[in-house]
Amino acid sequence: MTALRTALRYDALTDAFFVSEQGHARTYDVMRTCFAQLCRQLGLAPTERGRRPSLHALRHAFALERLRCWYHEGADVQALLPHLSVYLGHVRPQESYWYLTATPELLGAAAARFQHYAAQGEDL
């Protein structure tokens, strides 16, 4: 993707990931409209509760899945969380910590990790 941005000379115009053909950052409203159109084209229907797919939900699902994978891999989640924070655009890692308790699975994984630490007295 970086090579394409460079070839199109967008890299010098903006740091934004999504850019117009004029090299300007795309607004959230434009991205939301494009996302909704793509969802319709792909046949992604609203849930049983009537909620439609959204960019925010996609972002949230990504963060939760990344954390779940790190726990499954036995990675040092505390050390990696600042990287996830930067990726999500959070100013401080503390803004990402709530993801650790966002699902029962993640809360359970964090609790199991702490329990192992407390029982073994080892570094995580």
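How much space lies in the largest pocket? About 480 Å³. This is a predicted model, where local features need pLDDT of at least 70, side-chain atom pairs count only at pLDDT 80 or more, and totals for chains, interfaces and linings use all residues. Residues are numbered from 1 along each chain as its sequence is written, and side-chain values use heavy atoms, leaving out hydrogens and water.

**Stop one: the helix pair.** Select helix H3 (residues 55-73) and helix H4 (residues 77-88). Their axes lie 11 Å apart, at an angle of about 160 degrees. H3 and H4 are therefore roughly antiparallel (angles over 145 degrees count as such).

**Stop two: the contact.** Show the side chains. In H3, pick residues including Arg-59, Phe-62 and Trp-70; they belong to the face that meets H4, where Leu-80, Leu-84 and Tyr-87 are among the partners. Contact means heavy atoms within 4.5 Å. By class, this contact has 11 nonpolar, no polar and two charged residues.

Now select Phe-18, Leu-55, Arg-59, Tyr-87 and Leu-88, the closest to the centre of the largest pocket among its 15 lining residues (lining residues have an atom within 4 Å of a pocket point on a 1 Å grid). Helix H2 (28-42), H3 and H4 each give two or more residues to the lining. H3 gives the most, with five.

Notes:
Axes are lines fitted to C-alpha atoms, for helices over the stretch in contact, and angles run from 0 to 180 degrees between N-to-C directions. Helices (H or I, at least four residues) and strands (E, at least two) are DSSP runs, numbered from the N terminus. Angles under 35 degrees count as roughly parallel, over 145 as roughly antiparallel, 65 to 115 as roughly perpendicular and the rest as oblique. Ala, Val, Leu, Ile, Met, Phe, Trp, Tyr, Cys and Pro count as nonpolar, Asp, Glu, Lys and Arg as charged, and the others, Gly among them, as polar. On a 1 Å grid over the protein atoms alone, a cavity is a set of points where a 1.4 Å probe fits but cannot get out, and a pocket is an open set with protein on both sides within 12 Å along at least five of seven lines; lining residues have an atom within 4 Å of a point. Grid points are joined across faces, edges and corners, and a volume is the space filled by probe spheres set on the points.
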